[in-house]
Amino acid sequence: MSEVNVPVFCCWNGCIKDGTNGIYYEGSNYRMTTVKGKTKFNELLDHLYQVTGLDRKRSKFGIIGRYPTDIQAFRVKYKPLPVVDDTSLETMLEITTKHPYIKDIDLYLEVESTSVGVIDPATCSSPSDILGGSSKRQKTDIHVKLERETDRNSESDGVVHLVDSSTLNKDSISGHVSKPCMSSLWLDDHDLRVGLCFKDGDELKKAVDWCSLKAQQKCVVRETAKDEYIFECIRWKCKWSLGAARMKKHGLVEIIKYTGPHTCHPIVPEDFKSEFETDEIERAVRYKPTQTIAELKKWWKKKIGYELETSKEKAIKRVFGDWDQSVEDLPKLMSALCSSNGLLVDWKFDLFPNPNFASFCVVFWAFPQSIEGFQHCRPLIVVDTKNLNCEYQLKLMIASGVDAANKYFPLAFAVTKEVSTDIWRWFLTGIREKVTQRKGLCLISSPHPDIIAVVNESRSQWQEPWAYHRFCLNHFYSQFSRVFPSFCMGARIRRAGSTSQKDEFVSYMNDIKEKNPEARKWLDQFPPNQWALAHDNGRRYGIMEINTKALFAVCNAFELAGHVVTGSVLLLFDELRSKFDKSFSCSRSSLNCGDVYTEPVMDKLEEFRTTFVTYSYIVTPLDNNAFQVATALDKGECIVQLSDCSCTCGDFQRYKFPCLHALAVCKKLKFNPLQYVDDCYTLERLKRTYAAIFSHVPEMSAWSEASGVPRLLPPVIPPSPPPSPPTYVSGTKCRTTPLATEKKS
């Protein structure tokens, strides 16, 4: 028999707390991994150092296991179990075997630093330092190489100094002076040069500050180590920089590298704050493009001391420029997302006679984190399109699942210059080939002829039994209203589509036929199971309409005025990562409180429970474990079969959790109704849906060209049709005669 693999959730950088159901963890770092059931303690330690990325030489950690003790129906209480040796580890790893309904174990890591003088990223002195390392700027590369009397292992004090600087001498003297050239503090702009010496760092800063008063420029100075200084202009694209350090040979602070003058315009004083914020954020975005807005604001508040007013969106507009440049940069971003996060991407473009250039047509992409999470969602996909507010008339396509909390779960996207039968075929094929091969999917869409044509093609994987095509009732009603613009007739269509009773459906259809036979003929061209809940057989989980606003909520960046496609994709990545983190954290918190099912299900069951107080249900046993349920106020009656999770009202089968009649039977038999709720609504499913982790994207300077994609140019916009001649109305008669002809006559 093969050795059992045990899923393990590791948590650190937080704290252990005690709740009503025992211990739980509140922290910022979670990581899921898998270990063998017979893993030894030392092997686990080696593995955890790899999982957490901690340096073994600089840190150590203790391990606390979350061990189940008091086990009751749908609630488990936990106590801490220190994991210190092979025996205690074995006790933890046996949890999933002894309690099969517990799918994974939790290990809480108490991390301690074992080294002195390690730099905390939170105390670094620039946005690029905060976001993961030493300063790297595309415009300059300043290396300070010193001979110093001071200890090379001493660290920076981490203080950010904002000082002014001037438009400096164009000539950078790179020679070495044998005798120190001492400076006064009263410098002119042409006096700063390589080899100039100062008594200490303070005098150097004052000198640069004095020069700025005449030139209205600003720069940031960072102490990269003790007595090492780098000055850079706050404007990202400006070339100005200066490097200085205390030299061993004379003990003075000497300018050892200088690039000037400033290539930017002087700053108007009242605009300084806004320009400073935007420049600094642009610098941070270029260095770490996928940091969240919350991360930026947290860093800014801690280091600068006030709330950030400039948005990340504004900086992204500056980074990616206009639409033409953005389309050219899009393959680089997709390539960076592919290398860092495993993005699945596909392109369509029209080659020019020169094959090194092409016109953009459409790009399809899907994140593996979403693909992995969809395995834990119900077998249902919603697709829709939206026009983008841009000069090239692009369209956004989206495919989403639905998670255990009844929220849309983004799966795949496409940006295209047009939506046609070919594009829908390409998009739906991409979903089947790259996203999911699940059998029995329910596809909910508009009844657009292009989609219907693709689904009905021979060998289509969107036909039964591979998939079941259903229409959004709102879209279906809109299409019907364009042919039959009658409010009363439209209302009948809505009632016919939304009722769960087949006899009511037949009654509405007969009424439509009586009022308008042509409308009934139009409806008969569509199978009832595609648009009517009464004939759905539970495929659509009761979802009758596409909430367009909620569906495209994760794509709001595409709708912001002035946003180009590359910046919008980057912000979409931010939204997805934030959605995964928040949903995972919330589901874990609910599980820690002992909950089993998601909030929408529990709210619905509570609503049903309240109904019991108002109405009295009469339950009568029948043959074959069936039950008849009726109320004194209800002339009708329903038959409930708990073993089949069915009720003749239809709601039990369609929503996959007990209806009112089933709850009445459970109450009569003293059964727990939660056992009849479908697993797709469990918090465990919700947690696993959002368990995947997104990785940071490398800095923009490291983005490489996309393989197999030529240099893309914006799509060719077809010429607009000529305008129709103006229409003139005279009394009740309409004419389309041009104005000039009118005058002649």
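A salt bridge, as the term is used here, is a side-chain nitrogen of Lys or Arg within 4 Å of a carboxyl oxygen of Asp or Glu. With that criterion, a search of the whole structure finds 22 salt bridges. The structure is a predicted model, in which local features need pLDDT of at least 70 and side-chain atom pairs count only at pLDDT 80 or more, while totals for chains, interfaces and linings use all residues. Residues are numbered from 1 along each chain as its sequence is written, and side-chain values use heavy atoms, with hydrogens and water left out.

Let us start with the overall picture. The chain has 23 helices and 26 strands; these are DSSP runs numbered from the N terminus, with helices being H or I of at least four residues and strands being E of at least two. Of its 745 residues, 48% are buried, where buried means under 20% relative accessible area, exposed means over 50%, and partly exposed lies in between (1.4 Å probe, protein chains only). The chain exposes about 36,900 Å², and carbon and sulfur atoms supply 51% of that area; accessible areas come from the Shrake-Rupley method with a 1.4 Å probe, and for residues only the protein chains shown count as cover. Among contacts (heavy atoms within 4.5 Å) with a separation of 6 or more, residues 24 or more positions apart account for 66%.

Now back to the salt bridges, one at a time. K434 and D346 meet through their side chains at 3.8 Å, N to O. Since K434 lies in helix α11 (residues 421–435) and D346 in strand β13 (residues 344–351), the pair ties together parts that are 88 residues apart in sequence. K434 counts as partly exposed at 26% relative accessibility, and D346 is partly exposed too, at 28%.

R492 and D511 form a salt bridge with the closest N and O atoms 2.8 Å apart. Because R492 lies in helix α14 (residues 487–498) and D511 in helix α15 (residues 502–515), the pair ties together parts 19 residues apart in sequence. Here R492 is buried, with a relative accessible area of 14%, whereas D511 is partly exposed at 22%. Elsewhere, salt bridges that share partners join D104, E684, K687 and R688 into one network.

Next, look at two buried positions. S445 belongs to strand β18 (residues 441–445) and has a relative accessible area of 0%. Its side chain makes a polar contact with the side chain of H469 at 2.8 Å; a polar contact is a pair of N or O atoms within 3.5 Å, and within protein one must be able to donate a hydrogen and the other to accept it, with residues adjacent in sequence counting only if both atoms are side-chain atoms. Leaving out residues up to four places away in sequence, S445 touches V383, I451, H469, R470, F471, C472 and I546.

M334, in helix α9 (residues 323–341), is buried at 1% relative accessibility. Its contacts, apart from neighbours within four places in sequence, are L343, V345, W347, V363, W365 and V569. M334 and T566 are 232 residues apart in sequence, yet their C-alpha atoms are 8.9 Å apart in space.

An α-helix has 3.6 residues a turn, so residues three or four places apart point the same way. At the start of α16, a side-chain oxygen of N516 reaches to within 3.1 Å of the backbone nitrogen of E518.

Finally, there is an open sheet of four strands, in the order β20-β21-β22-β23 with antiparallel pairing; two strands pair if DSSP finds at least two bridges between them. β20 (617–621) and β23 (646–647) stand at the edges with a single partner strand each, so one side of each is left without a neighbour in the sheet. Strand β22 (residues 638–641) pairs with β23 over two bridges, and S646 in β23 is the bridge partner of Q641.
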